[in-house]
Amino acid sequence: MINSSPFTHKSINLPFFMGAVVITLLPALFTYIWFFGWGIAVHMLIGITTALITETIMLKLRHRPVKPFIADNSAIITAVLLAFCIPPFAPWWITVIGVAFAMIFGKHLYGGLGYNPFNPAMLGYAMLLISFPVEMTAWTAPVQMFENAPNLINTLQIILSSSILDPVLFDAITMATPLDTLKTQLGLEQDLMTILKEPIFGVMAGKGWEWINVAVLAGGCLLMLKKIINWHIPVAVLGSLFIMSGIFYLIDPQTYISPVLHLFSGAAMLGAFYIATDPVTASTTVKGRLIFGAGIGILTYTIRTWGGYPDAIAFAVLLMNMATPMIDYYTQPRVFGHDGEKQ
């Protein structure tokens with residue numbers, strides 16, 4: 001049965017959608033600061049400032065009104081998502097370059113929001129990871145593991161001025177991510193259970209990262225409960241990642257990482273709820289969203305396990321962004337009254 005008109009419109013517009021995304025990420029942001037210090041907050045402020053300035057310049061160059069496009073909050077969400085992907089003590093120019101690239105090449109050169117085929121934040125992150133691998137892989141251990149963890153002033157000094165950066169301090173607080181550690185050690189044929197006993201691992205996954213992902217999961221579930229995002233893409237992403245990792249874990253638990261560790265490590269939750277669900281670059285049909293999400297989960301596991309990058313969410317999302325037009329084309333529902341339907 002099909003309901004007839006008149007239909008009512010949802011009160012969810014673009015500024016509301018973007019604002020809800022930022023608000024539901026606040027628990028994850030506070031958790032991140034608790035475990036890894038103030039670096040993400042500094043990079044977020046740098047990123048938001050860069051995004052707004054770049055957005056204004058590009059709108060002026062394109063002869064578009066500035067205020068309505070700035071007010072949609074899309075520039076802010078790009079900066080916020082990218083800040084979650086940048087190491088806390090990366091130099092300030094990493095964020096400036098990444099956000100500016102995301103805004104210019106990921107958004108405005110395609111015609112602005114609504115015309116971009118790729119997720120801008122992930123495009124900026126992929127560029128940074130390929131172009132500046134040293135800076136983008138210098139992650140930090142949880143501050144609880146150090147007696148004298150960097151405070152806000154130390155963090156600002158490290159991020160803003162390399163001239164006063166203490167190399168000894170920097171080397172002491174930076175390390176590979178849990179996923180990178182697992183990938184490297186397993187490649188050296190180390191026993192998985194022995195690797196997981198290292199102090200950087202917690203109850204379910206990497207120490208600190210597991211709770212950040214729990215906070216992201218809570219925020220994502222709230223978005224679904226409020227019907228701000230649909231359930232199809234997050235469930236498909238996490239479900240396919242769980243199934244893929246579960247199959248190989250059952251085959252050889254000494255070589256392959258458990259599904260729980262995959263789900264609560266890296267950017268799995270952030271990718272499923274906040275990145276893959278981008279309404280512009282994701283599939284728009286119900287079947288298409290399930291295929292799109294499943295593709296991201298499968299590609300994430302494939303790249304994490306056999307590829308050159310420990311966390312593969314960005315590359316998986318960008319690859320599926322390229323497939324979105326084809327997915328939408330082949331999953332369009334039948335038009336009522338056509339294709340055999342009685343007139």
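Because the model is predicted, local features need pLDDT of at least 70 and side-chain atom pairs count only at pLDDT 80 or more, while totals for chains, interfaces and linings use all residues. Residues are numbered from 1 along each chain as its sequence is written, and side-chain values use heavy atoms, with hydrogens and water left out.

The chain has 18 helices and two strands, where helices (H or I, at least four residues) and strands (E, at least two) are DSSP runs numbered from the N terminus. Of the 343 residues in the chain, 50% are buried; buried means under 20% relative accessible area, exposed over 50%, and partly exposed in between (1.4 Å probe, protein chains only). Where contacts (heavy atoms within 4.5 Å) join residues at least 6 apart in sequence, 76% of them join residues at least 24 apart.

The structure holds 13 aromatic pairs. Rings of Phe, Tyr and Trp (its six-membered ring) pair if their centres lie within 6.5 Å, and planes under 30 degrees apart count as stacked, over 60 as edge-to-face and the rest as tilted. Two of the pairs are set out below.

| Pair | Centre to centre | Angle between planes | Class |
|---|---|---|---|
| Tyrosine 32 and tryptophan 209 | 5.7 Å | 85 degrees | edge-to-face |
| Tyrosine 329 and tyrosine 330 | 5.0 Å | 85 degrees | edge-to-face |

The pair of tyrosine 32, in helix H2 (residues 26-36), and tryptophan 209, in helix H13 (residues 209-225), links distant parts of the chain, 177 residues apart. Tyrosine 32 counts as buried because its relative accessibility is 0%, and tryptophan 209, at 12%, counts as buried too. Tyrosine 329, by contrast, is exposed with a relative accessible area of 62%, and tyrosine 330 is exposed with 65%. Ring pairs also link Tyr32 and Trp209 with Phe36, Phe84 and Trp139 into a cluster.

Phe84 is also one of the buried residues of H5. This helix H5 (residues 74-84) is mostly covered, with ten of its eleven residues buried.

Helix H14 (residues 232-251) and helix H16 (residues 268-275) pack with their axes 8 Å apart, at an angle of about 155 degrees, which means that H14 is roughly antiparallel to H16 (a term for angles over 145 degrees). Axes here are lines fitted to C-alpha atoms, for helices over the stretch in contact, and angles run from 0 to 180 degrees between N-to-C directions. Among the residues that meet are Ile233, Pro234 and Val237 in H14, and Ala268, Met269 and Phe273 in H16.

Notes: Parallel < 35°, antiparallel > 145°, perpendicular 65-115°, else oblique.
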